[in-house]
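Take a look at the structure first, and then let us go through it together.

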Amino acid sequence: MNIFGRAYRTIWPDEDGVSIHVIDQTRLPHRFETVSLSTSAEVADAIVTMVVRGAPLIGATAAYGYAMAMREDASDANLEAAYHRLYETRPTAVNLRWALDDLKARLAPLAASERFPAAWQRSGDICDEDVEICRKIGEAGLSLIKKAQKPGKTVNILTHCNAGWLACVDWGTALAPIYMAHDAGIPVHVWVDETRPRNQGASLTAYELGAHGIPHTVIPDNTGGHLMQHGMVDLCIVGTDRTTARGDVCNKIGTYLKALAAQANQVPFYVALPHTTIDWTIEDGVKEIPIEERNAREVTHMTGRLLDGTLATVDIMAPGSKALNYAFDVTPAHLVTALVTDRGICTATREGLMGLFPERG
Ligand code: MRU
């Protein structure tokens, strides 16, 4: 995607073969800054503090972190220890486990001296593959936007959180079809859920849609139901951090409420995902997906830009009140109209997923 006329990915290796660069997502939309990471500890910290975030990008970044860990110590003991250190950074997005499992399986049989170069190479390949996967999701999802189009009318699409290119390496998952529709000349407008408490919608989705010239409006998280009741939403499309083998979908907190409102108002509710986000080991998302609970300070405080341009963090709560900060919720499969994957579109059912991924049967 282009920022200030320059093509960017969210993550790229330095020519030194030692460090990687990422866009610091804690500074957007007010500052566009990149950060260089060169140790596995720095990578782990960047994931925990959400300098990088979004399921596919967490996986790609963790892969590079694992590679760096192999440069630091390529012993069998560290192959195990580094896996666990990185795995524990964020619990819900299964792409993290997918990337670490992929690397570990490739590295375990290798001699210690071969591990770092192999891991570095594979991390780059994971990034390249993610771009291609998201492009395919975009192509599949484009057909749904075309289906929703009425002659002479703009297609109004609601999304939650940020499942765009900032959450991936490029393109995005839920936003990829929107970019493709816009580029194909289909008039689209996006309702962007603000996505409290970290405001990934207001800060990141609005930023990247704006940078691409896509008409959009940021709405408080509680507005979507009202818009749907009044026919102002043609379809919803969101991303996911983990999808179970039967099609339950875990995504940013508040997604479930949007799915309920969509069903009540007969608005299609689509979920876009790369195959790396499917957790084939579990069925019941509500019972089996670990839900990250983050620091209450993300609820009690907000960061923004003051009128003089400086960034500031302010306390917004009554002193002494407690706050609770679950980062994700689970939308049961029956509320999902369809899953949009890199292998095409299917129902949110075990049979639907097996139809696209028969090798998992
Ligand atoms: O806590 P975050 O910002 O990492 O959560 C991101 C989301 O919930 C996205 O919707 C999800 O990762 C899908 S990304 C393509």
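## A bridge across the sequence

Let us begin with Arg-9, which forms a salt bridge with Asp-128, the closest N and O atoms being 2.7 Å apart. Here a salt bridge is a side-chain nitrogen of Lys or Arg within 4 Å of a carboxyl oxygen of Asp or Glu. Arg-9 sits in the loop between β2 (6-7) and β3 (11-13) while Asp-128 belongs to helix α5, so the pair ties together parts that are 119 residues apart in sequence. Helices (H or I, at least four residues) and strands (E, at least two) are DSSP runs, numbered from the N terminus. By the salt-bridge rule, the count comes to 22.

## What kind of model this is

This is a predicted model, in which local features need pLDDT of at least 70 and side-chain atom pairs count only at pLDDT 80 or more, while totals for chains, interfaces and linings use all residues. Residues are numbered from 1 along each chain as its sequence is written, and side-chain values use heavy atoms, with hydrogens and water left out.

In contact terms (heavy atoms within 4.5 Å), 35 residues of domain 1 meet 36 residues of domain 2. Together the domains bury about 3000 Å², with 55% of it on carbon and sulfur atoms. In domain 1, His-30, Arg-53 and Thr-92 lose the most area to domain 2, together 21% of what that side buries. Buried area is the accessible area (1.4 Å probe) that two parts lose on being put together, summed over both.

How many salt bridges cross the interface of domain 1 and domain 2? The rule finds 2. There are also 17 residue pairs in polar contact between the domains, both residues at pLDDT 80 or more. A polar contact is a pair of N or O atoms within 3.5 Å; within protein, one must be able to donate a hydrogen and the other to accept it, and residues adjacent in sequence count only if both atoms are side-chain atoms. On the side of domain 1 that touches domain 2, β1 (2-3), α2 (55-72), α4 (94-107) and α5 (112-148) each supply at least two residues.

## Around the ligand

In the side chain of Lys-252, an N or O atom is 2.7 Å from a ligand oxygen. Gly-54 takes part through its backbone, with an N or O atom 2.9 Å from an oxygen atom of the ligand.

## Backbone details in the loops

Two cis peptide bonds deserve a look. One joins Leu-28 and Pro-29, with omega about 5°, and Pro-29 is placed in the loop between β4 (20-23) and β5 (34-37). Another runs from Arg-196 to Pro-197, with omega near 5°; Pro-197 lies in the loop between β7 (188-193) and α7 (200-211).

Finally, Cys-161 has a positive phi of about 65° although it is not a glycine. Cys-161 is in the loop between β6 (155-159) and α6 (176-183).
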